[in-house]
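These are my notes from a first look through one model. I wrote down what I looked up, entry by entry.

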Amino acid sequence: MVSVLKNIQNIRAASRLMVRELGFMNQNLAATDYPPSAVHSMLEIETHGSLTAAQLVQILGLEKSSVSRMLAKLVEAGELKESPSAEDARTKQLSLTGKGTETVHSINTYADERVSAALGQLDPFTQEVLSRGLSSYASALKACRENIEGKVRNSFKIVTGYHAGMIGRITEMHGGYYAREHNFGHFFEGKVAAGLADFSGRLDKPCNQIWLAMVNERIVGSVAIDGEDLGNNEAHLRWFILDDGCRGSGLGRRLIAEAMKFCDEQRFTSVQLWTFNKLTVARRLYESFGFELSKEWDGDQWGSTITEQQFTRKVI
């Protein structure tokens, strides 16, 4: 037990020293003007030839919106270029530009020189042991992350009906995400809160339901079906949102699946939802459940002028 604890302490101390010596505490990395996430993104894109933003999210283990903003800056800086995927034209493949290739070459030259200089302080046998040991340790760390992510995915539970704090939590998730990503303000947040408050008072009706994704009793996702506000036996899909750390986990698909099952059981003639044209990932999810774009117009119902969209799913 003593040797295990000593190994843990030694590895942690060495890891902290490596982080400092390799420059990860700085605002930029590897003699570039870019932060570590951008440098790693360009290196991974060079390795794979091209990648999508979703693939980089998985590789880097970062939150999707952070990766999206970082990639947009690299495209704007001329380091990366976007092209439609051969498999799905709605998905963008990211690859290095000529400028990006030069930048990555500089990064690799800088890194190779640093590693070479450090290895020069060691004898050949220690160099080999170090190389094998670091590779094994890095692989073990990756396996642990994937195992933890799998446990988190399995820890989700989906519940229905009103839960204390629901109105505030769903409003918080909407307000934070849409302010950060689309500059929505207090008007939008207030509208979400007011609509949820009204809907919560109507959850006793069998045509209305809400699904909440929970992790350790904390709400991390939601979707609702309002079966009476549109009339004509049409359902209204509302308040579909996921916490930042849950995107890409498959949780959104599980929530929508529950909502569509409910709609089929209630025998609504159709399901309607209102969104806008910037939410391309959500649109692909809706379309996979049979929703089709039925209307599009410039409107301001959420407090700013945007291209609003209405999607319709006919219930068979």
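Predicted model: local features only at pLDDT ≥ 70, side-chain atom pairs only at ≥ 80, totals over all residues.

Entry 1, a strand pair. I looked up strand β2, residues 92–96, and found it mostly covered, with four of its five residues buried. I then checked its pairing: β1, residues 80–84, and β2 are antiparallel and share five bridges. Opposite K92 of β2 I found P84.

How do α2 and α5 pack? I read an angle of about 105° between α2 (residues 36–48) and α5 (residues 98–119), with the axes 10 Å apart. Angles of 65 to 115 degrees count as roughly perpendicular, so I put α2 and α5 down as roughly perpendicular to each other. For the contact I listed V39, M42, L43 and E46 on the α2 side, and T103, V104, I107 and N108 on the α5 side.

I traced an open sheet of seven strands with mixed pairing, in the order β3-β4-β5-β6-β7-β9-β8. Which strands stand at the edges? I found β3 (157–160) and β8 (292–299) there; each has a single partner strand, so one side of each lacks a neighbour in the sheet. From one strand to the next I noted an average twist of 25°.

Within this sheet I looked at β6 (residues 234–242) and β7 (residues 270–276), which run parallel and are joined by three bridges. One partner I looked up was that of H236, which is Q272 in β7.

I then turned to α9, residues 251–266, which lies across β3, β4, β5, β6, β7 and β9 (306–314) and runs at about 30° to β5.

At 1.5 Å a residue, its 16 residues should span 22 Å, and I read 23 Å between the end C-alpha atoms, which agrees. Which residues of α9 are buried? I listed L251, G252, L255, I256, A259, M260, F262 and C263. Just after α9 I noted R267, with a positive phi of about 60°.

I describe a pair of aromatic rings by the distance of the centres and the angle of the planes. The structure holds ten aromatic pairs. I looked up Y177 with Y178, an edge-to-face pair at 5.0 Å centre to centre and 90° between the planes. Y177 counts as buried because its relative accessibility is 17%, and Y178 is buried at 10%.

Next I took F184 and F276, a tilted pair at 5.5 Å centre to centre, with 40° between the planes. This pair links distant parts of the chain: F184 sits in the loop between α7 and α8 (186–200), F276 in strand β7, and they are 92 residues apart. Buried or exposed? I found F184 buried, with a relative accessible area of 5%, and F276 buried at 4%. Finally I wrote down one aromatic cluster, formed by Y177, Y178, F184, F188 and F276.

Terms used:
Residues numbered from 1 in each chain as written. Heavy atoms only, no water. Pairing = 2+ DSSP bridges. Helix = DSSP H or I, 4+ residues; strand = E, 2+ residues; numbered from the N terminus. Axes fitted to C-alpha atoms, helices over the stretch in contact; angles between N-to-C directions. Contact = heavy atoms within 4.5 Å. Expected span 1.5 Å × (residues − 1). Buried < 20%, exposed > 50% of the residue type's maximum accessible area, 1.4 Å probe, protein only. Phe/Tyr/Trp six-rings, centres within 6.5 Å; stacked < 30°, edge-to-face > 60°. Parallel < 35°, antiparallel > 145°, perpendicular 65-115°, else oblique.
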